[in-house]
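Hi,

Here's the structure I promised to send over. Have a look at it first, then read on for what turned up.

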Amino acid sequence: MGNRFSGKVAIITGSSRGIGKAIAVELASEGASVVLNGRNRERLELAQKEIEKHTKNVISVCCDVSDVNEGKRLIDETVKTFGRLDILVNNAGVSMRGYFADLTPEVFQSVFRTNIYGTVNPTIPAIPELRKTNGSVIFISSLAGIRGLPSLSAYCSSKMALRAIAESIRIEEHKHKIHVGLIYVGMTEIEHQKETIGPDGSVVILKKRDKRKVLTTEFVAKKVLKNIRKRMFINTLTPVGKLNNFLQARVPLLVEKIILKNLHKFEERSQ
């Protein structure tokens, strides 16, 4: 691989598996120093061993970024170890399943705590460091962040919030030349035993998805790196997502009719 990110220091939250780990692998193979993050120490150690095949400049910070002090600690330990920060990829997130009427309020609290506060908490202390390097802050969103979908109300609303945060930072930090990227990811392959939150707030194990119908984590990772290299703003990764984005902005009632007509498919996908 090349060394297009040589000398750069990148944090990827939620990088012990899945999309986050794939992004870490791609950045490491392109020469970046990598900071892994997650709440499960055992999975982090396994991920670090994989990254070490590409670079020795890798550390793991086991912490919960939904906690404000832990979010700051992630940034502090990165700068203490590597002396700088060039890229922050806000990837940590959790999904949920269940119709709104069946949800307990704790489901919204759990989803927002991870998806919103887990993004805000590391990003605020990262901004001063990114100003020094004219760096990048990346938000990993979802096609579910384009419009509200059945069985995903808490998840959709949390991902929609990421766009507002990204847009605000993009304007506020324009003078400091910080690049802001927002990635709308479609359905992606999942690793064994990946969890989601059920309507009662309990942990539910997701079923494996048909690989013919989902994005690979490597594909998503390469698109994220392209966004960073080209300092792009919004990337929507699938043709269906791009069509949805186009139609939602112009004929939202048509999108609603399409969803209602295909409601059974959404319910199947939510399993």
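Glu77 is partly exposed, with 27% relative accessible area. Keep in mind that this is a predicted model.

So who does Glu77 pair up with? Arg73 forms a salt bridge with Glu77, and their closest N and O atoms are 2.6 Å apart. Both sit in helix H3 (residues 68-82), four residues from each other, which is about one turn of the helix. Arg73 is also partly exposed, at 28% relative accessibility.

Searching the whole structure gives 12 salt bridges.

Another one joins Lys21 and Glu50, at 3.3 Å from N to O. Lys21 is in helix H1 (residues 18-29) and Glu50 is in helix H2 (residues 41-51), so this pair ties together parts that are 29 residues apart in sequence. Lys21 counts as buried at 17% relative accessibility, while Glu50 is partly exposed at 30%.

Then there's Asp86 with Arg84, whose closest N and O atoms are 2.6 Å apart. Asp86 is buried, with a relative accessible area of 3%, whereas Arg84 is partly exposed at 32%.

You'll find Val251 in the loop between helix H7 (239-250) and helix H8 (252-261), partly exposed with a relative accessible area of 34%.

Cheers

How values were computed
Residues are numbered from 1 along each chain as its sequence is written. This is a predicted model: local features need pLDDT of at least 70, side-chain atom pairs count only at pLDDT 80 or more; totals for chains, interfaces and linings use all residues. Side-chain values use heavy atoms; hydrogens and water are left out. Helices (H or I, at least four residues) and strands (E, at least two) are DSSP runs, numbered from the N terminus. Buried means under 20% relative accessible area, exposed over 50%, partly exposed in between (1.4 Å probe, protein chains only). A salt bridge is a side-chain nitrogen of Lys or Arg within 4 Å of a carboxyl oxygen of Asp or Glu.
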